[in-house]
Amino acid sequence: MVTGLGTSGEWFWKNYQHVLAFYFTIEEINRDPHLLPNLTVGFQLYNTFPGERRTLENTLMWLLGGNKVLPNYQCKTKHSPIAAITGTSPAFSAEIETLLELYKTPQVTYGPFDPMLSDKDQFPSLYQMAPEDNSLVHAMVSLLLHFGWTWVAILISDDLKGERFLRDLNVEMVKKEICVALTERLPAYKTMNLPSVLTALNRISLSSANVHILYGEVGSLFIVDHMVDYFLTTGKVWIMGDKWDIAALEMMQMLHSFHGSFLLVQHKREIPGFQHFLKNVDPSQYPEDFYFSKYWILHFNCSPAGSWCGKIGECEPNASLESRPRSVDLMMLSDSSYFLYNAVYAVAHVLHEVLVERIAQGSPEDAEQPRPPPWQLHPLLKKLQFTNSAGQLISLDKRGNHGITYDIQNTVNFPGGLGLLVKVGEFSSGSPLHQGLVINEEITEWPIGFTQTPQSVCSQSCGPGFRRIPQEGRPVCCFTCVPCPEGHISNKTDAEQCTQCPLHEYPNTERSRCLPKVVAFLAYEEPLGTALACAALGFSALTAGVLGVFVKHRDSAIVKANNRALSYILLVSLAFCFLCSLLFIGHPNMATCILQQITFGVGFTVAVSTVLAKTVTVVLAFKATGPGRRMRQLLVSGAPNFIIPICSLIQVVLCATWLGTSPPFIDTDAHSEHGHIFIVCNKGSVTAFYCVLGYLGSLALGSFTMAFLARNLPDTFNEAKFLTFSSLLFCSVWVTFLPVYHSSKGKAMVAVEVFSILASSAGLLGCIFAPKCYVILIRPDKNSLQGLKNKRSS
């Protein structure tokens, strides 16, 4: 049995733990009475060197025996190895597989899983101990989503493994809307081109992403290693997978840059007894191992017992790996050492089964030659399954590997070059969606320059009340935040669209949620409703008082001279006009909505037609100067009194047509005022409403015209001037009403209509009856025939 310790550098001391793990495993197998009983497992150790020529040359020398390469000639007659256990570089395993396949020698590699090596057509004799790490992409993406990192830079080794990882990572990142700020391919150290490397590292240092993903072959890290002093800066979170832990622990000058970074490694169990072995092992137990003695001299500055290197100081009696300087941690079990332990046991179990089958068959030839040929191990390796001492089921069939768990380790560096990997969480690929990641942020260390969880986004998140608009020509993670439009909300972060609130709801100030609108109407309880109601009742009471004064002084000269019957009708209609405004105040219902327009239209028609009748009466009274004239006959016959019922009948017909075609109804207005739903009376047919209003205007205009023509007729009790002013005021109020009404909303529309009713009614009352009441109550001397004679003589 032979193991080749593949490395990426000449003195990569972290890999020496693999040698110690190999020693431990071989000794444990040889002590086991149930596994390969009565047999001692032997081995040969080889260290690998970079370069294909040296790799192939040394492999041929090992396979053929001797110190010279003699193809097709086997110098080794006995003790030829039956299997090769190799690692950690996949390139090394691929290079020697061609030679091993010629002799059908199984190769079990304990390095990280490489999809290229799983091709059985190209590598039929190669078996990978490490499980396939196809869940690493999901683990990294889950870590990014946990911390909200959506803007990342990706650094991969420039090989097939790096390209496959980049492809899988990009697919998963697109699904989760994570964007790539920068992608750099790092060549191996031996193919490094300085100008291109300087350009790449300059782009890395200038990247706006605070999170960098690093993946690939360890050899590619030498580029970062040699340029760290010039290009790498603090304040970057590195997420690493695969074997970067070896490089991070080995290259001490990089610890400062990797502080606070994350390493994702497949979860492994501890090897029982291995820690005790490491605490007590020393070079004196393996005097033929030149590398162990060299390690001891370099790290303890003393020569171990039995070393052929000569004396370099006396080692302390208690010197051990546990007490050595912490620059290279051999006490912490690496994943490759764990896979190496399982690889040695896998070959031992297969060899045990082959020997058991031979003994069962009882062949004399097999008894004389217990060593089986290498090709007999392949069928058993393909279907091998066993449980190791850590209690884990081991299988070389990758189709059976499911539910891989990754340990999330945080790089923590202390003064004096002490660096530790602290487990801060784990990811299980077999867990339900969004439940596979568990991480403890309280013990997580962040890079220098961050006092809290770093952010790595192209654009800051759009909070509730905003929506994001993509920036043209840039990734989806780069966007602009704009507020939601009026009546819309967004109740989540980074919303792409705003949602419109229902009609019965409205957005809050932040536009993050919809609130129920307040049902409102012009109520009696609020100040405006109270003021208008009091004004309506006050004016109606005043009208009733004026009517009482006129009734009380019905035989006085001024009352009789101005047609007291028409005065009574006008006062009663004005009282109804004042009271009809109360129908507009309070909670609307179907009855009040209909009565509002009917009482308004008919009441004002009676009032305005009465003013028109009084105006016609005055004109006829002054024009009918001679007996027998037609005007005198009209005046004597009471023809002006027919104006009121005729005009009112026309208005009644208009209102009936309105109610018969499109009557008023209860409606809601949810758009007039923010946060309110107004209950209003919809007028139904707007055309009918304006016909009623226009008819009233034509009557008022006719009254104004007649009164204006008769304003200068001589008589003491001529009220033509007062009728002119009242008609002018009435027309002015309703002409002003139209633009104000249409520019108002909600309760203001109702208030404007009520105010117009009160103002026009009060104008008629004041202009027509205020002078008469003044004469009746204040100057009664003018309300008599004697007063009339005195006025005429003067």
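Begin by selecting Cys501 and Cys514, where the torsion about the S-S bond is about -90°, so the disulfide (a pair of cysteine sulfur atoms within 2.5 Å) is left-handed. Cys501 lies in the loop between strand 19 and strand 20 (505–507), while Cys514 lies in strand 21 (residues 514–516), so the pair ties together parts that are 13 residues apart in sequence; strands here are DSSP runs of E with at least two residues, and helices are runs of H or I with at least four, numbered from the N terminus. The sulfur atoms of Cys501 and Cys514 are 2.0 Å apart.

This is a predicted model, in which local features need pLDDT of at least 70 and side-chain atom pairs count only at pLDDT 80 or more, whereas totals for chains, interfaces and linings use all residues. Residues are numbered from 1 along each chain as its sequence is written, and side-chain values use heavy atoms, leaving out hydrogens and water.

Next, select Cys179 and Cys477, which form a disulfide with sulfur atoms 2.1 Å apart. This pair links distant parts of the chain, with Cys179 in strand 7 (residues 179–186) and Cys477 in the loop between strand 16 (466–470) and strand 17 (479–483), 298 residues apart. Cys179 is buried at a relative accessible area of 5%, where buried means under 20%, exposed over 50% and partly exposed in between, using a 1.4 Å probe and protein chains only.

Finally, select Asp289, in the loop between helix 10 (274–280) and helix 11 (290–300). Leaving aside residues up to four places away in sequence, Asp289 touches Tyr16, Val19 and Tyr23, contact meaning heavy atoms within 4.5 Å.
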